Amino acid sequence: MAITRPHSFFIATPIFYVNDVPHIGHAYTEVAADVLSRWMRQSGIDTWFLTGTDEHGQKIMRTAMANGVSPKEWADRLVEQAWKPLLATLNLANDDFIRTTEERHESAVTKFLTLLHDKGFIYQGEYEGFYCVGCEEYKAPGDLHEGQGDYEGQKVCEIHGRPVEVLKEENYFFKMSDFQERLLELYRDQPDFIQPPSVRNEIVAFVTRGLDDLSISRSNIDWGIEVPFDNRHVTYVWFEALLNYITATGWGSDEANFQRRWPAIQLVGKDIARFHAVIWPAMLMAAGLKPPAKVFAHGWLLVGGEKMSKSKLTGIAPSAITDVFGSDAFRYYFLRAITFGSDGSFSWEDLSARYEAELANGFGNLASRVIAMIHRYRDGVVPNPSPGTSEAEDALAATVQSAVSAADEAMHALAPHEALHQIWRIVDHANGYITEQEPWVLAKDDANAERLDAVLYSVADALRALAIVLSPFMPEATQKLWHALGAEVSLGALVNQRVFEAGARGVLPVGSHLGELEPLFPRVEQEK
Ligand code: MSP
């Protein structure tokens, strides 16, 4: 199937609460967005990858108070010591990092509220309901459970397992109910607006049941962005947090940049899909702006069958994995082992098994065998394949070509697990091909010199393709391989190679001088 490559690609992660440090569930979203955006960038598409932190609201305020500092001091500390360092831990190439306490965000939020107020979409009223501070959300009675143990007799949030609080306040409301029909129309006209289908169905059913207006201000706290038409209120944290996607790209201050970037593909965990697929497009419609391009809800990383979370003390720090296995293996593992859009269980055993089998013995070993043989048998110079080429080489080249184009298609369909599955067909085929061709036997007799040339060339060229299509997933290992292939000199920088063209045959220049290959996936000493 031919795919249409878009002219521009803007992908955003949710912005993360700074009440606590990141765990691998957060890192999962970051890595997925990074890999997708690197792929698009390496397709020559005008790409923008945005991430950041969500710093206002009750949850952060309470954590700061419990730690005896102001909310801003707390947020600064967590951003500097935990959230920004995560970018390096995971080797992320984000284009921007927005904090909701930045002036550019606060001033654009103020403009947005004024606009909606002027257009008559905001009114004053009173609200009474159950509030979950963990979710920063009023909960419908149907979303609550009866508490047990310490929480006997209380209503608890089904996500956080903690009691909700009864809040009664004078609030400003956003007329979200006005947008029910237009939202349903959007879901109908653009069937892949919400993915995967399970989440789409749930949201369509939710909106079909009818929408309430949304309370968008708080008068019981002051840690937030002041409502421009009533300074006794601050903006409800979700309402302003959602706006980060447009405040970061210049809405209200840099129209040209905003037009260039918006709309975004929103990657979110399925727990927050409703905010992004209902409230957020309704807000944009009210302002006369385009809805997001797509809301893709990925699944949860589970521990013991439950969503991994810090509040339940099941969070694993990303560095606990990268310190042992490296960031490439982290990035590879989570995108390979979990179907994007489904839940997945993390285990150290599965991670080590895949590291050994797929990275060290599969890809790493293929690379080191090929580079070593070209050094040994051809003095490190890429040989000319033509006279000795046979059907076996044609078959390998055909796998490379079809796997690359299937991987490209999968990446555009936001299915990185499928892309890796396709790319591994090349690894497996190339390894099997070497076993069958036995270049070490060919090397024993000069009469086989042309066959040996063809074999060595064709696996080196397959490695060239692998380095390119795996570079968005594993930037470090592929850079080492690129260097060893001498391709930096013969073909130019790895990041400048087009991923979707990587399947072409015979691209590695004959006569290229190989370099040394640093170990790609060293044996790990595990102490757990
Ligand atoms: N601050 C809000 C988002 C505002 S966006 C305008 C928020 N923050 S969060 O830090 O709690 O979560 C951020 C993201 O991490 C969400 O997409 C959430 O689904 C994801 N994850 C949190 N725990 C997770 C797992 N155990 N597994 C996978 N993703 C998880 O919500």
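Trainee: Which residues come nearest to the ligand?

Mentor: Ile 15, Asp 54, Gly 269, Asp 271 and Leu 301 come nearest, out of 24 residues around the ligand. Keep in mind that this is a predicted model.

Trainee: What does Asp 54 do there, in terms of distance to a ligand nitrogen atom?

Mentor: A polar atom in the side chain of Asp 54 sits 2.7 Å from a nitrogen atom of the ligand.

Trainee: And how far is Asp 271 from a ligand oxygen atom?

Mentor: There the distance is 2.6 Å, from a polar side-chain atom of Asp 271 to an oxygen atom of the ligand.

Trainee: Which part of Leu 301 faces a ligand nitrogen atom, backbone or side chain?

Mentor: The backbone. A polar backbone atom of Leu 301 is 2.8 Å from a nitrogen atom of the ligand.

Trainee: How much of the ligand does the protein bury?

Mentor: The protein buries 95% of the 670 Å² that the ligand exposes when taken alone.

Trainee: Which of them gives the most?

Mentor: Strand 1, with 4 residues.

Trainee: How do the shell residues divide by type?

Mentor: The shell has 13 nonpolar, 8 polar and 3 charged residues.

Trainee: New topic, strands. How does strand 4 run against strand 8?

Mentor: Antiparallel. Strand 4 (residues 122-132) and strand 8 (residues 165-174) are joined by 10 bridges. In that pairing, Tyr 131 stands opposite Glu 165 of strand 8.

Trainee: How many bridges link strand 8 and strand 10?

Mentor: 2 bridges, again in the antiparallel sense, and strand 10 covers residues 214-215. Here Phe 174 stands opposite Leu 214 of strand 10.

Trainee: On to helix 13. Where does it bend?

Mentor: At Asn 365. Helix 13 spans residues 348-378, and the bend is about 40°.

Trainee: What does UniProt say about residues 389-489?

Mentor: The unreviewed UniProt entry annotates residues 389-489 as "domain: Methionyl-tRNA synthetase anticodon-binding".

Trainee: How much helix and strand is in that span?

Mentor: The span is 82% helix and 0% strand. The C-alpha atoms at the ends of residues 389-489 lie 26 Å apart.

Note on methods: Residues numbered from 1 in each chain as written. Predicted model: local features only at pLDDT ≥ 70, side-chain atom pairs only at ≥ 80, totals over all residues. Heavy atoms only, no water. Bend = angle between axes of the 7 residues up to and from the residue. Pairing = 2+ DSSP bridges. UniProt positions renumbered as here; feature names shortened; annotations may be inferred. Near = heavy atom within 4 Å. Polar contact = N/O pair within 3.5 Å; in protein donor to acceptor, adjacent residues only side chain to side chain. Areas by Shrake-Rupley, 256 points an atom, 1.4 Å probe, with all protein chains shown as cover. Nonpolar A, V, L, I, M, F, W, Y, C, P; charged D, E, K, R; others polar.
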